[in-house]
Amino acid sequence: QVQLVESGGGLVQPGGSLRLSCAASGFTFSLFAMNWYRQAPGKERELVAGIISTDDSTNYADSVKGRFTISRDNAKNTVSLQMNSLKPEDTAVYYCNARRDRFPRATYWGQGTQVTVSS
């Protein structure tokens, strides 16, 4: 059974930091690109950060570059998102995503974790 379980969300003041973690099970983690998406109320889900499986290359949305860092641990089947200098506009539900584009293709989602940035 595939599972992606996020943790680490919560309420933080502007300028603060949070670290999100996603624990994966039920699939071969090292073969999947891992991503963090977010969805704010009334907005579409957007890609925040991604890290590929082959060489750990990363990509970030322009809005979070220089503030967020994605990392993965293939030995522990985990992916993390370190979020610094948080802004109110970072408030959203954050989702962990696993994606494999080569055959056999597959995409998995976590249940999401709420991040609220407010004073």
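The side chains of Asp101 and Arg99 come together in a salt bridge, 3.2 Å from N to O. A salt bridge here is a side-chain nitrogen of Lys or Arg within 4 Å of a carboxyl oxygen of Asp or Glu. Asp101 is partly exposed, with a relative accessible area of 47%, and Arg99 is partly exposed too, at 28%. On that scale, buried means under 20% relative accessible area, exposed means over 50%, and partly exposed is in between (1.4 Å probe, protein chains only).

Before going on, a word about what you're looking at. This is a predicted model, where local features need pLDDT of at least 70 and side-chain atom pairs count only at pLDDT 80 or more, while totals for chains, interfaces and linings use all residues. Residues are numbered from 1 along each chain as its sequence is written, and side-chain values use heavy atoms, with hydrogens and water left out.

**Salt bridges**

How many salt bridges are there? The count comes to five. Here are three of them:

| Pair | N to O distance |
|---|---|
| Asp101 and Arg99 | 3.2 Å |
| Asp90 and Arg67 | 2.8 Å |
| Glu46 and Arg38 | 2.7 Å |

Take Asp90 and Arg67, whose side chains meet in a salt bridge. This pair links distant parts of the chain, 23 residues apart: Asp90 sits in the loop between strand E8 (78-83) and E9, and Arg67 in the loop between strand E6 (58-60) and strand E7 (68-73). The strands are DSSP runs of E with at least two residues, numbered from the N terminus. Are Asp90 and Arg67 buried or exposed? Both are buried.

**Strands side by side**

Now for strand E4 (residues 33-39). Six of its seven residues are buried, so E4 is largely enclosed by the rest of the structure. E4 pairs with E9 in the antiparallel sense over seven bridges; two strands count as paired if DSSP finds at least two bridges between them. E4 also pairs with strand E5 (residues 46-51), again antiparallel, over five bridges.

Trp36 is a handy landmark here. Its bridge partner in E9 is Cys96, and Trp36 stands opposite Ala49 in E5. E4 and E5 form a hairpin with six residues between them, and Gly42 in that turn has a positive phi of about 80°.

**The disulfide**

Cys96 turns up again here. A disulfide is a covalent bond between the sulfur atoms of two cysteines. In this model, a pair of cysteine sulfur atoms within 2.5 Å counts as one, and the structure holds one disulfide. Which cysteines form the disulfide? They are Cys22 and Cys96, with their sulfur atoms 2.1 Å apart. Cys22 lies in strand E3 (residues 18-25) and Cys96 in strand E9, so the pair ties together parts that are 74 residues apart in sequence. The link is left-handed, with -85° about the S-S bond. Both ends are tucked away: Cys22 counts as buried at 1% relative accessibility, and Cys96 counts as buried at 0%.

Note on methods: Helices (H or I, at least four residues) and strands (E, at least two) are DSSP runs, numbered from the N terminus.
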